[in-house]
Amino acid sequence: MRLKAGTYRVLWEAHAWAGATASVLLVGMFLLGVISLFRHELEPWQDPRLRTPVAVDDARTMATLQEWMDTRVASGTAPTSLNVVLPAPYAPWMWLGWKEKDGADVAVRVHPLTGAQAPEHSDLSEFLFWMHFLYPLPGGMFIAGLVATVLLLVVVTGLFLQLGRFRRELVRFRPREALRTAWGDLHKVLGSVGLPFQAVMAWTAAIIALNATVLQPVMVHTAFDGDVDAGYASTGYPRPLKRSGEAAPAPRMAAVLEQARAALPDVRHYRFAIRNLGDAQGFVDVRGYARQGLHDFTSVRVSRAGEVLNVREAGGPGPTAWLLEGAYVLHSGLYAGMGLRLVYALLGILSALCVLTGNLIWLERRARGMRPVDVGLARLTAGGFGGAAFALAAVFLANQLLPDSLSNRPQWEHATFYVAWCLCVLGAPLYPRANEWAYGLLALAGGILFVLPWLDAWRHGRPVLAPAGSPYLFFADVGFLVLGAVFLGSAWVVHRMAPRERGEGVSALNVPAHEQP
């Protein structure tokens, strides 16, 4: 089947403009998504306190948590809402997080055996996970949903553009031809191989990111006639109870955990969401993982008095819950093990390269007479794509170099990421040549990542790439080396980008400052 010339032209313009418009955010989200796949395994690397195993049973952990809560309820300093992540093999200290009365976020680590409390050293992996959805930015989740929708448009138009050519162009790559031909072949190969992955990621990301701002309000006002409680019930998570204003002791956490285990015995209960702490209407939502394919998340609500108020089994009560939960589990690869996450990571990197080559095709088509919009895209491609790589490397380096005693240390890491990426984007128009700017950023990012395993080993007196040691540190070392090699290889490719013949004009990223309109 062949498309008519007019139809093909319209689809190509829609495909090109949509991809170019969202390209930088897409590449950043793909790269951050790759890191997010291994966010739990990164925790011991980012926080040296978590590298030492802690031999402690559940009873002692619950006793430590209970003492922490009772002390603060008795003194009147207990937070209204408290989130607790229980110890795990990759993070043997408890994590506690809450909001102060002035709205400030507080997070601490508590040793489950001794009760020692220390400010959170780093939340780097969790921060990068949320940045994958642009959540820390104002309106970020909504923007991420729009970008995911644009990606879905790009995938669909790309599929139609390949009608009748798919089998031939899937394996055709001519690296010795002109740049436009080489980039076109590479883009089509990467797009064809990654098309199912990109379609699934776009669809699921749009559902996840637009759920709170678009999907839930629409469903409540349409399917449930404005009944907010019915909307909550459809997901399996009932509406929170309101405070009564009557003071009461903290819930008995050991009993709460036992109640949850009795209600759902084959589930790993890993997190407490404690609400209305110190109030008679206090309750605890005990979150869990069931690992039942695309049905994974569970919750048991227990009142302060020990009564089970709600049990949400994996998958939830109906289609709404199945859709939302299935989208998240499918997007994050939680339905399988490490092997699948590695495949996701490879496809994520290839998808980022697919977006990059799409921009290069656009620019190569206009290399002989670049308009202001083309020059702007070339500069944005150089600064945004190279900046995403450099910002990742910079924030990991900051994790190693920032003083442990620094106040609000995690926020300094966040600022490092933001500032690094913004400076890279803003610096691109000022540098003489766009390709040299991109090459330098990618090479610097790759070099930093390559050095990180030795820097951490030197600082903490451990061997590099030691399989007999901590598996988390070993795989973190391997991951940094692999990602560093990818960035260094990309830098080499960018450095090689130049017209093969003098008559071919200016290459895609080789835009000198004096030729800018």
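In this predicted model, helix α4 packs against helix α13 through side chains from both. L124, F127, L128 and M131 in α4 meet E413, H414, F417 and Y418 in α13. Contact here means heavy atoms within 4.5 Å. Helices (H or I, at least four residues) and strands (E, at least two) are DSSP runs, numbered from the N terminus. Two packed helices are described by the angle between their axes and the distance between the axes. The axes of α4 (residues 124-132) and α13 (residues 409-427) come within 10 Å and cross at roughly 45 degrees. Axes are lines fitted to C-alpha atoms, for helices over the stretch in contact, and angles run from 0 to 180 degrees between N-to-C directions. Angles under 35 degrees count as roughly parallel, over 145 as roughly antiparallel, 65 to 115 as roughly perpendicular and the rest as oblique. The pair α4 and α13 is therefore oblique. Their crossing is right-handed, meaning that the near helix is turned clockwise from the far one by less than a right angle.

Not counting residues up to four places away in sequence, its partners are L32, F127, L128, M131, A391, L392 and V395. F417, L128 and F396 have the most contacts inside the largest nonpolar core, which has 70 residues. Such a core is a set of buried Ala, Val, Leu, Ile, Met, Phe, Trp, Tyr and Cys residues joined through side-chain atoms within 4.5 Å. Buried means under 20% relative accessible area, exposed over 50%, and partly exposed in between (1.4 Å probe, protein chains only). Helix α12 (residues 372-401) gives the most to this core, with 11 residues. Another core, of 28 residues, lies apart from it and includes W68, M69, W98 and L277.

Residues are numbered from 1 along each chain as its sequence is written. Local features need pLDDT of at least 70 and side-chain atom pairs pLDDT 80 or more, while totals for chains, interfaces and linings use all residues; side-chain values use heavy atoms, with hydrogens and water left out.

The chain has 15 helices and eight strands. Of its 517 residues, 50% count as buried. Among contacts with a separation of 6 or more, 68% join residues 24 or more positions apart. The chain exposes about 24200 Å², and carbon and sulfur atoms supply 64% of that area. These areas come from the Shrake-Rupley method with a 1.4 Å probe; for residues, only the protein chains shown count as cover.

Helix α2 (residues 39-46) is largely enclosed by the rest of the structure, because seven of its eight residues are buried. They are R39, E41, L42, E43, P44, W45 and Q46. Leaving aside neighbours within four places in sequence, D47 is in contact with R109 and H121.

I361 sits in helix α11 (residues 338-365). At 12% relative accessibility, I361 is buried. Its C-alpha atom is separated by 8.2 Å from that of H187, 174 residues apart along the chain.

D225 is found between α7 (179-222) and α8 (228-235), and is exposed at 70% relative accessibility. L465 lies between α14 (434-460) and α15 (471-496), and counts as partly exposed at 34%.
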